[in-house]
Amino acid sequence: MSIASLYALVGVGLFSLGLHAVIVYDHLLRKILAINVMGSGVFLVLISLAGRGGNSAPDPVPHAMVITGIVVAVSATALALSLMLRVAAATGRAELGEERGD
Amino acid sequence: MKWIRWLLLPLLLVLATGLGYAVLSLPDQAPGLQSAVAGQLEKSGVTNPVTAVLLNFRGYDTLLEMVVLLLALLGVWSLGASPAACEQSTPGPVLDTLTRLLVPVLVVVAGYLLWAGAHAPGGAFQAGALLGAAGVLLTLTGGRVRNGLGRRALRVALVAGMVAFMAVAVLTLQSGRELLAYPPGQAGVLILLIETAATVSIGVTLAALFLGGDPAEGNER
């Protein structure tokens, strides 16, 4: 197993961990953080797959895609955090859904 | 509801195994696009392949990315005035001095990264992120630039990158080329022009995103 596929596997692991956290946790901040962890996993997969060209320089196209993705992730996170603050201000809790009585 | 949790773990394991298998089944050696990029690199106006891809070969990606940044800021601003989180704070003398020393350094490094992007790792996004960090640092330590220019200057800075990009795009269309296909002779200058405007826009947008909410008083950085 090459070092590139090791990094890619770590990326897959991060993605799965993040997906688990998105589903399991109720708190919106945890969900936002988990989505960021998922995104980091995807970036790691892309970057590791860019280095498969043997001895030549790594493929620049996935690198450019990742830097685009980072900027989009940052702006989406900022929007999500603002929405979370609004939800917390409106309902008193940073969670979605009905009050759990059962 | 408990049993669903127990079902979730095996399902996620199956997904992770599938994804891991997919990643491992890819060939160890793949040619990728680096030879295609390297073949066109001298026409692109820059010598750093990532910058060439970002601002020349796939320029429309970066153009739309500027739009995404602006849309996110519009979304944040549409939620109303900024929350009470950014109240005026009075930093101690050490923090104050550190900020005064750090912010100019950040701006200079941002300028260097912008210039270095043509031939080395760097570019508009890295430089913009540094500018945004400088803005966040100033905000956190209570720095407020009381500018008489107000909201209009802020908005001009926010859209500068996109406007520069669009202007170049329209110019390339007008001169009978494809969208954002720069003439090889002027490509380097055009890329630097776009990147400079984009750096300012990205930095201001990130700082404004951090502030959250429409700055009602028109104070920004």
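Chain B of this predicted model has a secondary structure of 8 helices and 0 strands. Followed along the sequence, chain B reads α-α-α-α-α-α-α-α. The chain has 221 residues, and 40% of them are buried. Among the contacts in chain B with a separation of 6 or more, 74% join residues 24 or more positions apart.

**The nonpolar cores**

The largest nonpolar core holds 41 residues. Those with the most contacts inside this core are Trp77(B), Leu158(B), Phe165(B), Leu180(B), Tyr182(B), Ile202(B) and Leu209(B). Two chains contribute to the core: helix 3 (60-91) of chain A supplies at least two residues, and so does each of helix 3 (49-57), helix 4 (59-78), helix 6 (124-140), helix 7 (151-174) and helix 8 (187-211) of chain B. Helix 8 of chain B gives the largest share, 10 residues. There is also a second, separate core of 5 residues, with Ala110(B), Leu113(B), Leu114(B) and Ala127(B) included in it.

Leaving out residues up to four places away in sequence, Tyr182(B) touches Leu55(B), Asn56(B), Phe165(B), Val168(B), Thr172(B), Arg177(B), Ala187(B), Leu190(B), Ile191(B) and Ile194(B). Thr62(B) lies in helix 4 of chain B. Is Thr62(B) buried or exposed? Its relative accessible area is 3%, under the 20% limit, so Thr62(B) counts as buried. Apart from neighbours within four places in sequence, Thr62(B) is in contact with Leu54(B), Leu55(B), Phe125(B) and Phe165(B).

**How helix 3 and helix 8 of chain B meet**

Two packed helices are described by the angle between their axes and the distance between the axes. At what angle do the axes of helix 3 of chain B and helix 8 of chain B cross? They cross at roughly 85° and come within 11 Å. Angles from 65 to 115 degrees count as roughly perpendicular, and helix 3 of chain B and helix 8 of chain B are therefore roughly perpendicular to each other.

On the helix 3 side of this contact are Thr51(B), Leu55(B) and Asn56(B), which meet Ala187(B), Ile191(B), Ile194(B) and Glu195(B) in helix 8 of chain B. By type, the residues of this contact are 4 nonpolar, 2 polar and 1 charged.

**Salt bridges**

Side chains of opposite charge can pair when their charged atoms come close.

| Glu95(A) | Arg93(A) | 3.4 Å |

In the chain A pair, Glu95(A) is partly exposed with a relative accessible area of 24%, and Arg93(A) is partly exposed at 23%.

Where in chain B do Asp96(B) and Arg100(B) lie? Both are in helix 5 (residues 93-116), 4 residues apart, which is about one turn of the helix. Asp96(B) has a relative accessibility of 27% and counts as partly exposed. Arg100(B) has a relative accessibility of 60%; exposed means over 50%, so Arg100(B) counts as exposed.

Note on methods:
Residues numbered from 1 in each chain as written. Chains lettered and ligands numbered in written order. Predicted model: local features only at pLDDT ≥ 70, side-chain atom pairs only at ≥ 80, totals over all residues. Heavy atoms only, no water. Core = buried A, V, L, I, M, F, W, Y, C linked by side-chain atoms within 4.5 Å. Buried < 20%, exposed > 50% of the residue type's maximum accessible area, 1.4 Å probe, protein only. Contact = heavy atoms within 4.5 Å. Axes fitted to C-alpha atoms, helices over the stretch in contact; angles between N-to-C directions. Parallel < 35°, antiparallel > 145°, perpendicular 65-115°, else oblique. Nonpolar A, V, L, I, M, F, W, Y, C, P; charged D, E, K, R; others polar. Salt bridge = Lys/Arg side-chain N within 4 Å of Asp/Glu carboxyl O.
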